[in-house]
Amino acid sequence: MLFTLGHSVSHPVIRMELALDITHRGGPREIVVIFCILCTHAATIEEEEAPFEPGNEICSRCHCALHEAQPQTSHYLIDCSVRNLHNVPTEWPSEFDDSSDGIILVASFSGNEMHYLHRLPHTDHFMYFSCRHCELKEIEVDAFIDVNRILRLDLSWNQLTGDTLRSDTFRGRFSTSNYEPIALEELNLSHNSIRSLERKIFEHLPRLKTLSLAHNPIQELDSMTIAALCTLPKIEHLDLSYMGLYSLPDEIFEKKPKLRELLLQGNELQSVPESLVMVGKSLKSLYIGVNPIEELTEQSFLGLTSLVHLNISFMTELSIIREGTFLELKSLEMLMCSDNPRLTQFDVESLRKLKALRELDLSNCSLETLSIDITPTDDDDDFPKLRLLKLENNPWNCDCRLFSALQEMEHHGRKGFYSDDRARCSAPYDLSGILLDDLFKEPLCQMSEIKRTPRIPIYEPAPFLRPKSILLSVFSVIAVVTIGLAVGCAIVCIKKRLKQSDFGFTTPVRYTTVRDSFSTTTSSVA
């Protein structure tokens, strides 16, 4: 048997079996190999397989308590969060050894430096287990085989990879010819280092209803990951947010008749995936904000007739929501469309036909107006259930069109209606800074006749800017210039006449000093 020292054998059992096999062969070389294997095995035990925490002492280091949530349901709480533990206990505390039904064991080991998650101690109770921020890198095979009634498992904020999570990680006890499933309903694997999933990772989780893979660097769903997501027939809540996804294949939404909530925000989607129509009858909530989508059209939400909650916020590239975008959303109650800095056009007209709409958030966008056709229709009451409207931080142009839209959306006297008191006009200039709510006190136009009210200026121009003052100033300047020219011409003419008369000087006047004159006179006398 050939074996090199550079060969890596990760599992301790395999290392021991390999050492025994080499022992039978004998020889000095084999002895050296055995020694190296045993040293590696000891190092692994020291680093990865820290001693189990004694079960009878766990309550002295952790917080243990019994809470009766309901008359027939009790929670056994074992809170070992941030207790400097390095492993799970060998057994659960003896005081929790109660065989009665309706008991849920809630165990939290979050915030401890574990690195390696060993098999959990046996219990027949229902269980919630949390190991967040534990720096987990490995999970033992059959780690949950003795807690087959575990309902919730939170392994988020660790260092788990796709190679760590195998099909035998979540399997139950072996029975005759196959492994029994476990009762897990909620699994949180967010904030790890998963790039791909094994094809059969969820094979033993037929009851899984909630799955979170958020904040994992998957980016592209390969064939194995797609196959894994296709084995979730009872999934109700699926979180695929902040994974860097560019597209969603149709296969992952096949045979998911119970999917109710889907989180897709924080990806690189250029448009709303057409594959969503496959879950249109069951999907109730869709979060698709924080994606580089530039526009939404009437094709964006086709088939989503059961959608109740839609979030399209924080989309930096979204600039227009075209007419008819929301027509298919017959059951929509909440529409969150805030913090879209480039959004200048919003389809509010199609919302009139959504009789179930209760909340509308259009804050922190670049909307200037809302346009609604106010032609009389058979339905006198539009937006009958709208109770919350948020419009602040938009550059509203307060004209008759906007006022008419607000009148349709904010019925006077509607009981329980709330609109924020921070939305203000940005234009025209004489209405800048006025609250939109104040427009109802002095309306811009009448609803029966679309007519703009007379504009009342809030200031008069300065006197020197009035037309009469300007004309007077112009005439004054012309008069001054004319008089100046006339005077100048008169002076020139007078000078010319003086030169031609006898009074003019024919020779230039010569000036000398007194000293020069005296010297000349003395010379003449001599």
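Glu254 counts as partly exposed, at 37% relative accessibility (buried means under 20% relative accessible area, exposed over 50%, partly exposed in between, with a 1.4 Å probe and protein chains only). This is a predicted model, where local features need pLDDT of at least 70, side-chain atom pairs count only at pLDDT 80 or more, and totals for chains, interfaces and linings use all residues. Residues are numbered from 1 along each chain as its sequence is written, and side-chain values use heavy atoms, leaving out hydrogens and water.

**Charged patches**

- Glu254 sits in the loop between β12 (237-239) and β13 (261-263); strands are DSSP runs (E, at least two residues), numbered from the N terminus.
- On the surface, Glu254 gathers with Asp250, Glu251 and Glu274 in a patch of negative charge.
- For such a patch, residues need over 30% relative accessible area and no salt bridge, and like charges are joined within 9 Å; a salt bridge is a side-chain nitrogen of Lys or Arg within 4 Å of a carboxyl oxygen of Asp or Glu.
- A patch of positive charge on the surface brings together Arg207, Lys209, Lys234 and Lys258.
- Lys209 is found in the loop between β10 (186-188) and β11 (210-212), and Lys209 is partly exposed, with a relative accessible area of 31%.

**Strand β7 and its partners**

- Strand β7 (residues 150-154) is largely enclosed by the rest of the structure, because four of its five residues are buried.
- β7 pairs with strand β5 (residues 126-130) in the parallel sense over four bridges; pairing takes at least two DSSP bridges between two strands.
- In this pairing, Ser130 stands opposite Asp154 in β7.
- β7 and β10 also run parallel, joined by three bridges, and Arg152 stands opposite Glu186 in β10.

Key. Patches are made of residues with over 30% relative accessible area and no salt bridge: like charges are joined within 9 Å, nonpolar side chains (Val, Leu, Ile, Met, Phe, Trp, Tyr) within 5 Å. Accessible areas come from the Shrake-Rupley method with a 1.4 Å probe; for residues, only the protein chains shown count as cover. Lys and Arg count as positive and Asp and Glu as negative; His and the chain ends are not counted. The place of a charge is taken as NZ of Lys, CZ of Arg, CG of Asp or CD of Glu.
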